[in-house]
Amino acid sequence: MIPYARQEIGQDDIDAVDRVLRSDWITQGPLIPKFEKAVAARCGAEHGVAVSSATAALHLVFSALNLGKGDRLWTSPNTFVATANSALYCGAEVDFVDIDPATLNMSVEALAFKLIRAEREGRLPKVVVPVHFGGCSCDMKAIHSLSKQYDFRVVEDAAHAIGGRYCGGEIGSCSYSDATVFSFHPVKMITTGEGGMVVTNNSDLAERINLHRSHGITRDESKMHGDSDGAWYYEQLELGFNYRLTDFQAALGLSQLSRLDQFLAKRLALANRYQSLLKDLPLTSQSIPSCNSSAWHLFVIKLSNTASRREVFDRLRDAGIGVNVHYIPVHLQPFYRAQGFKPGDYPEAERYYSAAITLPLYPALKESEQDYVVRQLVSILGEEK
Ligand SMILES: *Cc1c(COP(=O)(O)O)cnc(C)c1O
């Protein structure tokens, strides 16, 4: 089976993890700050905080922004459930903003329209979370300017997007947001097994996330309420979690990060190749606005004939191609329907979902395998190239 995504682990990665496993530090140790500085430097942000997953990262940023009961968070329905769930962990309400059918990202027009109505009803969001679908940035300048007009915070869910660029800067520079979150799950751009990171230019926010990552405990005397009782002493200042990343995961992350440019180049070449090989078929792919270079985490196609999606999908799977679908609109999940969402709430996300198939794309995908995927698709769609 050719999978839709796959991690790329080399001998250097294995050696880096091996060295840490033989050292004194197994959990959070000296490689964590090194990994944090390397990721922050790579994307041009001032601070990085490494955590156990992007889900943990989202939860920590939202709670550090004091998102809580009575607050609202808006995101895209075309995302993984974790984006919305993390707001519910904080006791906030979740709502969605429909997507642009071309970029598959949150529609700025839909956002602007929804904000006008929310202001009238006194239901403005505290936080808006654009999701950079497939590694292509949302229109951050427009979202940032709306955030100033309506006074909400912006957190970028860049789980797909480390290495992507937007209008001359790296995704993660946080030029138009309060913080950006990355995922290091094996299907994503670089991996630590499980893992994630928050990057931000706000030092107070970084410090709070850092504190909450490890139970809300500090050993820094300058932050303590009282005097230290001795070298063993620590104080719990706030209610935190255990969301730490291990040092051997940070070793893997550093080693992977050193090959990010290589991964990006391969993904871009394969994505360009898909676009040219598929151009005469009755389907479209994600449009990448001119200001962007996508990290190409995903290559999705939208079939012109929605009615055939199920059959096309099944036949590709039968041919040994591990296609997938990203995403089932979050509001259609039974859990979210139970909160009052229903079919028809976000028609563009639903229309896209009904036509979508994710094709295999990862750095080690061979051109011959890609040719096989395209040949199967051509024959299934009954067209001659
Ligand atoms: C993968 C993913 C997450 C969650 O990442 P984990 O590291 O697995 O917790 C969140 N948002 C999006 C858009 C994702 O694709």
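1. Basis. Because the model is predicted, local features need pLDDT of at least 70 and side-chain atom pairs count only at pLDDT 80 or more, while totals for chains, interfaces and linings use all residues. Residues are numbered from 1 along each chain as its sequence is written, and side-chain values use heavy atoms, with hydrogens and water left out.

2. Ligand shell. The ligand is surrounded by 14 residues, the closest being Thr-55, Asp-157, His-160, Ser-183 and Lys-188 (a residue is near if one of its heavy atoms lies within 4 Å). By class, this shell holds 5 nonpolar, 7 polar and 2 charged residues, where Ala, Val, Leu, Ile, Met, Phe, Trp, Tyr, Cys and Pro count as nonpolar, Asp, Glu, Lys and Arg as charged, and the others, Gly among them, as polar.

3. Polar contacts (pairs of N or O atoms within 3.5 Å). The side chain of Asp-157 places an N or O atom 2.8 Å from a nitrogen atom of the ligand, and a polar side-chain atom of Ser-183 is 2.8 Å from a ligand oxygen atom. For Lys-188, an N or O atom of the side chain lies 3.0 Å from an oxygen atom of the ligand. Of the 380 Å² of accessible area that the ligand has on its own, the protein covers 93% (Shrake-Rupley method, 1.4 Å probe).

4. Aromatic pair. There are 12 aromatic pairs, counted when ring centres of Phe, Tyr or Trp (its six-membered ring) lie within 6.5 Å, with planes under 30 degrees apart taken as stacked, over 60 as edge-to-face and the rest as tilted. Phe-133 and Tyr-327 form an edge-to-face pair, because their ring centres are 6.1 Å apart and their planes stand at 75°. This pair links distant parts of the chain, 194 residues apart, with Phe-133 in the loop between β4 (127-129) and α6 (140-150) and Tyr-327 in the loop between α10 (309-318) and α11 (334-337); helices (H or I, at least four residues) and strands (E, at least two) are DSSP runs.

5. Backbone. Tyr-327 is also joined to His-326 by a cis peptide bond, with omega about -5°. Asn-66, although not a glycine, has a positive phi of about 60°, and Asn-66 belongs to the loop between α3 (54-64) and β2 (72-75).

How values were computed:
A polar contact is a pair of N or O atoms within 3.5 Å; within protein, one must be able to donate a hydrogen and the other to accept it, and residues adjacent in sequence count only if both atoms are side-chain atoms.
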